[in-house]
Amino acid sequence: MTSTAEPSTPVQDYLAQSPKKLLIGGEWVEAKSGAVMEVLNPATNETLVQVAKADETDAERVVQAAQSAFENPEWRWMSARERGHLLYKMAELVAERASEIAQVETLNVGKPIFQAEDDVETVVDCFRYYAGAARLLGGKTPAVPTDFFSYTLHEPIGVCVGIVPWNFPFQITAWKVAPALAAGNTVILKPASRTPLSALMLGQIGLDAGLPPGVLNVVTGPGAEVGQALATHPAVGKISLTGETATGAKIMKLAADGIKRISLELGGKSPSLVFPDADLNQAVTASLTAIYFNAGQMCAARSRILVHEDVHDAFVKTLSERAAQLRLGNPIDRETHMGPLISPDQVERVSKYVEIGKSEGARLVIGGSRPDDPSLAQGNFYLPTIFDCVDNSMGIAQEEIFGPVASVIPFRDEDEAIRLANDTSYGLASSIWTTDVKRVHRVARQIRAGGVWVNTNMTLFNETPFGGYKASGLGRELGIESLMSYTEVKHVSVFLGESVRGFKL
Ligand code: NAD
């Protein structure tokens, strides 16, 4: 594979150091067992580096460290303003190391470098946002009877575990770490086994910024072992998972016995609704990004494109022509639009769904295989794929493929479009393409999803909540909503009257 931009020296240095350690209690330590696991480059399937493979024993160590850090008065009673300053410092350090982090993320995840750079930029802003938001944690003074004075406090939950998937490792790590720390919790990060590198870098940034030891911990290891041990540990107060819906259901059950707080950001099968009055050129441009960004490995991918029958043929023609122009290649190369999928397993999963689509009678318009280019043969590449004439009941329209596969579903009128959009067990995102302002609001209210984007897609802001209805999750990331979800609410009631209520004895 040819590359026009080789990794810079700091990245080579970082990888050469082989960060085989866990961050526990402010120190980099080996897994107790000494075990390590390989981290691969999905563009070549070569080993990038080895990292520590934590198990239940390490889970116990890290929870103890995070618990004692929570009880450490230096952190427990640190003012929101000071916590904000630390988060702001973390933002500055991420900004300083932005290029290095983006390159490591690209090598580890396979996402094109321009996307990794965008991710890092939003992480800087995420830390800045929560640095300021920490000061908004004030409570209320409800209008209780006049012989009482009541107020509410938002207090940290305690030890929070952030479990992160492999598709947006750095960004999703920040979505969990920044609000949890802003609210005064301590955090244990469990990155996905395939993509732990940027989380480990953030651990060092936390130390460099001056977080007290044990406030931010990072443990790498398999979800079913160390993840599960963390999720069931009695001293853990909250688990925030981003991952598959099946993993979310498992975490919910694991958390039940301890009545732990949970946030779940799970899968999706999100629709774009293209009405006949839409700007088709814009709708096609955005639909390409909405399914082929990150090679379709996005929870909010608009994998179902519902198109009105009047514009269907023109839409599919332009969409497929432009999809065919997307350049697959080495993700570190700035000319690349689409990198590899994360793993050979993921290629197999996508291939399986393509066969399902064909057998269900959908029309394969383009793609449907790995590329012929011999320079891509070692990596996990898959061509941009479009199925047309898809019926919404088909497996390819109902199940999350998590790859570069779009299903185009024709519709006749607005009611049918809304019915099809909602005919899914998921409810994460959606897009509406129309120039009719009344239709915008009518349709937006009827869609059962946590996000509706109108004449755009994928615009996530750190200020706005993100999450799903139905099987797409529980709770919200980002915005003040996420900050509040890392707090317990306490009611303090002060009696101001003369004679306290009690038994008349
Ligand atoms: P996954 O569910 O396989 O893994 C997610 C994380 O959970 C990993 O860190 C994994 O090690 C851990 N894990 C797995 N089993 C566990 C267990 N029993 N106990 C504790 N931890 C466990 O998901 P993935 O394949 O890494 O990511 C892809 C999925 O994530 C897709 O379904 C996608 O839609 C979803 N996702 C959702 C959002 C969102 O915001 N809604 C964002 C990104 C990804």
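Predicted model: local features only at pLDDT ≥ 70, side-chain atom pairs only at ≥ 80, totals over all residues.

Me: OK, which residues come nearest to the ligand?

Reply: Val164, Lys190, Thr247, Leu266 and Glu400 come nearest, out of 27 residues around the ligand. Being around it here takes a heavy atom within 4 Å.

Me: And which side chain has an N or O atom 2.8 Å from a ligand oxygen?

Reply: That's tryptophan 166. A polar backbone atom of glutamate 244 is also 2.8 Å from an oxygen atom of the ligand, and for a polar backbone atom of glycine 243 the distance is 3.3 Å.

Me: How much of the ligand's area does the protein cover?

Reply: On its own the ligand has 860 Å² of accessible area, and the protein covers 91% of that (Shrake-Rupley method, 1.4 Å probe).

Me: Where does the ligand sit?

Reply: In the largest pocket, going by the rule that more than half of its atoms lie within 2 Å of the pocket's grid points. On a 1 Å grid over the protein atoms alone, a pocket is an open set of points with protein on both sides within 12 Å along at least five of seven lines, a cavity is a set where a 1.4 Å probe fits but cannot get out, and lining residues have an atom within 4 Å of a point.

Me: How much space lies in that largest pocket, and what's closest to its centre?

Reply: About 790 Å³. Its lining has 30 residues, with Pro165, Trp166, Gly243, Glu244 and Thr247 closest to the centre.

Me: Switching topic, what about the second largest pocket?

Reply: About 530 Å³ of space lies there. Phe168, Gln171, Phe293, Met458 and Leu460 are the closest to its centre, among 24 lining residues. Helix α6 gives the most to this lining, with five residues (a helix is a DSSP run of H or I, at least four residues).

Me: And how many cavities of 30 Å³ or more are there?

Reply: Two, from a search of the whole structure. The largest cavity has a volume of about 70 Å³, and Glu400 is one of the residues nearest its centre.

Conventions. Residues numbered from 1 in each chain as written. Heavy atoms only, no water. Polar contact = N/O pair within 3.5 Å; in protein donor to acceptor, adjacent residues only side chain to side chain. Points joined across faces, edges and corners; volume = space filled by probe spheres on them. Helix = DSSP H or I, 4+ residues; strand = E, 2+ residues; numbered from the N terminus.
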